[in-house]
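This report covers aromatic contacts, a surface patch and model confidence. The structure is shown first.

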Amino acid sequence: YTQFETDTLELFPYIDDRYTMLGLTPITSYANAYFGYGPIFYNLNTSSGWSLPSKEHDILEKNLYYNFRDRNCKGFKENLAKLETFYVITSDDNCEFMKSCGLKNIKTKNRACLYKNEM
């Protein structure tokens, strides 16, 4: 673990609905590990994970990522809504993107941040 992983894990107690993770910049952080951690230790659901339930869901996940990558707030928020995903964990300058899209900052711990999309 690095400090970033410790900080990211400290965000989980603030999540009370479906979550995802995007744009984790440290190469030491592996999003799928967190997709296993949340359900095991906090009984949480994620729209992402090790295996996606259908081709349609996979397309929505990819669109969410592409809209995030391209900084398309409208498309990003629409895909979060379609995936019924309320929380996003991210890092660094991606935190500012979440804010610019109108998501609510729930908790920031150094470079890790948790935002909520209040649909």
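## Aromatic pairs

In this predicted model, a search of the whole structure finds eleven aromatic pairs. One of them is stacked: Phe12 and Tyr34, at 6.3 Å centre to centre and with 15 degrees between the planes. The pair links distant parts of the chain, since Phe12 is in the loop between helix H1 (3-9) and strand E1 (19-21) and Tyr34 is in helix H2, 22 residues apart. Phe12 counts as buried because its relative accessibility is 0%. Tyr34 is buried too, with a relative accessible area of 5%.

Phe68 and Phe76 form a tilted aromatic pair, with 5.8 Å centre to centre and 45 degrees between the planes. Both Phe68 and Phe76 are buried.

## Ring cluster and arginine contacts

Ring pairs join Phe12, Tyr19, Tyr34, Phe35, Tyr37, Phe41 and Tyr42 into a cluster.

Arg71 lies over the face of Phe68, 5.4 Å from the ring centre. Arg71 also lies over the face of Phe97, at 4.7 Å from that ring centre.

## Surface patch

A nonpolar patch on the surface is formed by Ile40, Phe41 and Tyr42, which together have about 350 Å² of accessible area. Ile40 lies in helix H2 (residues 31-42). Ile40 counts as exposed because its relative accessibility is 65%, and the cut-off for exposed is over 50%.

## Model confidence

The mean pLDDT of the protein is 90, and 95% of its residues reach 70 or more. Among the elements of the protein, strand E4 (residues 112-116) has the highest mean pLDDT (97) and H2 the lowest (87).

Methods
Residues are numbered from 1 along each chain as its sequence is written. This is a predicted model: local features need pLDDT of at least 70, side-chain atom pairs count only at pLDDT 80 or more; totals for chains, interfaces and linings use all residues. Side-chain values use heavy atoms; hydrogens and water are left out. Patches are made of residues with over 30% relative accessible area and no salt bridge: like charges are joined within 9 Å, nonpolar side chains (Val, Leu, Ile, Met, Phe, Trp, Tyr) within 5 Å. Accessible areas come from the Shrake-Rupley method with a 1.4 Å probe; for residues, only the protein chains shown count as cover. A salt bridge is a side-chain nitrogen of Lys or Arg within 4 Å of a carboxyl oxygen of Asp or Glu. Helices (H or I, at least four residues) and strands (E, at least two) are DSSP runs, numbered from the N terminus. Buried means under 20% relative accessible area, exposed over 50%, partly exposed in between (1.4 Å probe, protein chains only). pLDDT is the predictor's confidence in each residue, from 0 to 100. Rings of Phe, Tyr and Trp (its six-membered ring) pair if their centres lie within 6.5 Å; planes under 30 degrees apart count as stacked, over 60 as edge-to-face and the rest as tilted. A charge sits over a ring if NZ of Lys or CZ of Arg is within 6 Å of the ring centre and within 35 degrees of the ring normal.
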